[in-house]
Amino acid sequence: MIADYLIGNILVAAAPVDGCIALAVAFVVHRVLAAFRFYRWVWHPVLFDTALFVVIWALLVLTLPSLFPGLIP
């Protein structure tokens with residue numbers, strides 16, 4: 001079954017919504033890690049940021065449908 005979110009009377013695909021939320025969360029986490037100078041210890045910061053985004057997106061895909069069951073028809 002393809003996951004969709006029901007917002008008002010409009011069905012919205014879950015992947016773009018989850019991806020945008022994951023991008024915003026990953027940006028905030030990146031800024032916090034940069035403020036704590038975490039990236040001095042990371043070998044490849046861009047690869048780390050990409051992996052961080054993928055992990056956050058996967059966690060959102062696994063948790064959002066169970067947190068908000070009324071959004072999925």
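Where does valine 32 lie?

Analyst: Valine 32 lies in helix α1. Helices here are DSSP runs of H or I with at least four residues, strands are runs of E with at least two, and both are numbered from the N terminus.

A word on the basis. This is a predicted model, in which local features need pLDDT of at least 70, side-chain atom pairs count only at pLDDT 80 or more, and totals for chains, interfaces and linings use all residues. Residues are numbered from 1 along each chain as its sequence is written, and side-chain values use heavy atoms, with hydrogens and water left out.

Confidence comes next. pLDDT is the predictor's confidence in each residue, from 0 to 100. Helix α1 covers residues 14-35 and has the highest mean pLDDT among the elements, 95. Strand β1 (residues 4-7) has the lowest, 78. The chain mean is 88, and 88% of residues reach 70 or more.

Now the side chain. Valine 32 is partly exposed, at 40% relative accessible area. Buried means under 20%, exposed over 50%, and partly exposed in between, with a 1.4 Å probe and protein chains only. Areas come from the Shrake-Rupley method with a 1.4 Å probe; for residues, only the protein chains shown count as cover.

Arginine 37 sits in the loop between α1 and α2 (45-67). Its phi is positive, about 55°, although arginine 37 is not a glycine. Arginine 37 counts as exposed, at 52% relative accessibility.

The chain has two helices and two strands, in the order β-β-α-α from the N terminus. β1 pairs with β2 (residues 10-13) in the antiparallel sense, over four bridges; pairing takes at least two DSSP bridges. Aspartate 4 stands opposite alanine 13 in β2. The hairpin has two residues between its strands, and glycine 8 takes a positive phi near 70° there.

The accessible surface is about 5,500 Å², with 78% belonging to carbon and sulfur atoms.
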